[in-house]
Amino acid sequence: MTKLHRLAVAALLLLPGVTAVSFMQQPPSPAAAALSVTELRTEYAANPVGIDVREPRLGWQARAAARGVLQSAYQVQVASSERALRDGKGLLWDSGVVKSSESVHVAYAGPAVRSGQRYVWRVRVWDSGGAASGWSL
């Protein structure tokens, strides 16, 4: 609070019958700071039908309702079907929790991709306070 603001609040407190109002921003509630992951991309494309690289690069956007919330970690999982991914069974690759703010050019590091194979993936992120988003899928 600047000196001018302190003086204005002090002046309000000195006036009879006037209630001072605080304009200081309150810290966001945990619900307001909820994280989500959107805009998933594989080699810069949303849901590509085919790609021509052996180690595709993944990307996403982490979003939060509150300002100043930053990604501090992520986890990527890859499977051959949405059901396998949702069930968390038969995963082709799980990055585990990676402490990083990176959300673009994250290289797939699982078994070699095969021509004609379908791959689906999801990601979740953590903020610096340790709060996790839900899975993107």
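The largest pocket is lined by 29 residues, and those nearest its centre are Thr 42, Pro 48, Arg 118, Tyr 119 and Val 120. The space in this pocket is about 820 Å³. The top contributor is E1, with three residues. A pocket is an open set of points on a 1 Å grid over the protein atoms alone, where a 1.4 Å probe fits and protein lies on both sides within 12 Å along at least five of seven lines; lining residues have an atom within 4 Å of a point. Grid points are joined across faces, edges and corners, and the volume is the space filled by probe spheres set on the points.

The model is predicted: local features need pLDDT of at least 70 and side-chain atom pairs count only at pLDDT 80 or more, while totals for chains, interfaces and linings use all residues. Residues are numbered from 1 along each chain as its sequence is written, and side-chain values use heavy atoms, with hydrogens and water left out.

**Fold and core**

The protein has two helices and seven strands, in the order α-β-β-β-α-β-β-β-β from the N terminus. Helices (H or I, at least four residues) and strands (E, at least two) are DSSP runs, numbered from the N terminus.

Of the 137 residues in the protein, 24% are buried. Buried means under 20% relative accessible area, exposed means over 50%, and partly exposed is in between (1.4 Å probe, protein chains only). The accessible surface comes to about 9,500 Å², and carbon and sulfur atoms hold 55% of that. These areas come from the Shrake-Rupley method with a 1.4 Å probe; for residues, only the protein chains shown count as cover.

Among contacts (heavy atoms within 4.5 Å) with a separation of 6 or more, 62% are between residues 24 or more positions apart.

The largest nonpolar core has 13 residues, and Trp 60, Tyr 74, Val 76, Val 78, Trp 121, Val 123 and Val 125 have the most contacts inside it. At least two residues of this core come from each of strand E1 (35-42), strand E2 (57-64), strand E3 (71-79) and strand E7 (120-127). A nonpolar core is a set of buried Ala, Val, Leu, Ile, Met, Phe, Trp, Tyr and Cys residues joined through side-chain atoms within 4.5 Å.

**Salt bridges**

Five salt bridges are found in the whole structure. The criterion is a side-chain nitrogen of Lys or Arg within 4 Å of a carboxyl oxygen of Asp or Glu.

| Arg 86 | Glu 82 | 3.8 Å |

Arg 118 is partly exposed, at 48% relative accessible area. Glu 82 is also partly exposed, at 34%, while Arg 86 is exposed at 51%.

Arg 86 and Glu 82 both belong to helix H2 (residues 82-87) and are four residues apart, about one turn of the helix. Asp 87 and Arg 83 have that spacing too, four residues within helix H2, about one turn. Asp 87 is partly exposed at 44% relative accessibility, and Arg 83 is exposed with a relative accessible area of 61%. Through shared partners, salt bridges join Glu 82, Arg 86 and Arg 118 into one network.

**Backbone and individual residues**

Most residues other than glycine have a negative phi. Glu 43, although not a glycine, has a positive phi of about 50°. Asn 47 likewise has a positive phi of about 50° and is not a glycine. Glu 43 is found in the loop between E1 and E2, and Asn 47 also has its place in the loop between E1 and E2. Glu 43 counts as buried at 19% relative accessibility, but Asn 47 is exposed at 73% relative accessible area.

Ala 64 is found in strand E2 and counts as partly exposed, at 30% relative accessibility. Ala 64 and Ser 133 are 69 residues apart along the chain, and their C-alpha atoms are separated by 9.2 Å.
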